[in-house]
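Please look over the following model. A short report on selected features comes after it.

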Amino acid sequence: MRRIRMLLVVSFVVVGTLAPMTGLGAAGIAAPSAGSSTAAECSYPITETDATGTDVTLEDEPETVVTLTPSPAQTIWDIGADEKVIGLTKHAENLEGAEERTSVSTEAETIQPEVVVDLEPDLVLATDTSYVSEETIETLREAGLTVYYIPEATSLEEVRDRTQLIGSLVGACDGAAETVDWMDEELAVVDAAIDGEDQPDVLYTFFGYTAGSGTFVHDVIEAAGGTNVAAEAGVEGYHELNDEVVIDSDPDWIITNTNSPEVPETPAYQSTTAVQNDQTVTININELNRPGPRTVDAVTELADTFHPDAYAAAVDDAETSAETDESDDESDGDELPGFGVGAVVIAALLFVMATLQRTSRS
């Protein structure tokens, strides 16, 4: 009788051990998808050189962060570390829960250093813009705060790198890696869509200014499958655009942003192919003018605008490929080398039954 009980226990162990293997692809630990980053753990101390040429060292993972410009704030939200932010500027008020943080902006939209100091953050982040001067950075450092002044991003690749950098500084390396994976996947779909497509001439205008070469907005336009006519005309950085360039370039498309959505009512703009054919598109300023992960949303929207059929086809192809990969992963989980899990279970049960029969006859 003892032998029978032992055989029954063995059979349950065999079935209980092998059966969960059939569900690894769905309910168990899924393998990383192709091209995805592995889990990234942050380590401290960490030292990084910022835009002022200063080596900034963090001995431990920061628990509290203040952001002095909106793009690092938005990035922190995107990588899942927003609970660490205790202060930000009024320009980041669009972020969910921003009203629960302390505003460090003045009515004139400058920074209040004394408010930042009073918050006693473990880390202060700012980007290299005219909104935050190096003088402000030095004032905060003299008050004993750790400040990292992030270099200006001039391309999507630098936005990608900056996302990983911010993740390593605030202790969200895993979230940053996942976010960069998402960026890469979305941009890969766009690359597939615009491959071999004709590039329309595109002009970005906001408050009479445009973005030329050396700006990440230029990179956004080019990545979406357009030709930035401002860069073609020799414009570098962000500058006012004269009517002559508008007329000579005659863009097929005109981009505006949600803060400046109207195309200028000048004869030069109104005579363009873009206006004549009602080919203007307004992009959320938080996606187009902030060098962070959400910039990818601007790329995909523009790609869909410039190349709707090709982009739709690329999205379908990507979804089909993902479904196929998921199906393959599930199939792999149902098999063991040389034979199926089901065969193993059946063989084990037959063995137990045969043994029981022999035992009952003995």
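Contact here means heavy atoms within 4.5 Å. The model is a predicted one. Threonine 67 sits in strand β3, which covers residues 65–67. Which residues does threonine 67 touch, leaving aside its neighbours within four places in sequence? The list is Pro72, Ala73, Ile76, Gly87, Leu88, Thr89, Val104 and Leu125.

Is threonine 67 buried or exposed? Its relative accessible area is 0%. The cut-off for buried is under 20%, so threonine 67 counts as buried.

## The disulfide

The structure has one disulfide. Its partners are cysteine 42 and cysteine 173, with an S to S distance of 2.0 Å. Cysteine 42 belongs to the loop between α1 (2–18) and β1 (46–49), and cysteine 173 to helix α6 (residues 173–194), so the bond ties together parts 131 residues apart in sequence. The link between cysteine 42 and cysteine 173 is right-handed, with 115 degrees about the S-S bond.

The two cysteines fall into separate accessibility classes. Cysteine 42 has 22% relative accessibility and is partly exposed. Cysteine 173 has a relative accessible area of 14% and is buried.

Strands β1 and β2 (residues 55–58) run antiparallel. Four bridges join them. Threonine 47 stands opposite threonine 57 of β2.

Five residues lie between the strands of this hairpin.

## The largest pocket

The largest pocket has a volume of about 830 Å³. How many residues line the largest pocket? There are 21. Closest to the pocket centre are Pro70, Thr129, Tyr131, Asn289 and Pro291. Two elements, α2 (70–78) and α12 (285–288), each give two or more residues to the lining.

What is the make-up of the lining by class? Eight residues are nonpolar, nine are polar and four are charged.

Definitions and conventions
Residues numbered from 1 in each chain as written. Predicted model: local features only at pLDDT ≥ 70, side-chain atom pairs only at ≥ 80, totals over all residues. Heavy atoms only, no water. Disulfide = S-S within 2.5 Å. Buried < 20%, exposed > 50% of the residue type's maximum accessible area, 1.4 Å probe, protein only. 1 Å grid on protein atoms, 1.4 Å probe; cavity = no way out; pocket = protein on both sides within 12 Å on 5 of 7 lines; lining within 4 Å. Points joined across faces, edges and corners; volume = space filled by probe spheres on them. Nonpolar A, V, L, I, M, F, W, Y, C, P; charged D, E, K, R; others polar. Pairing = 2+ DSSP bridges.
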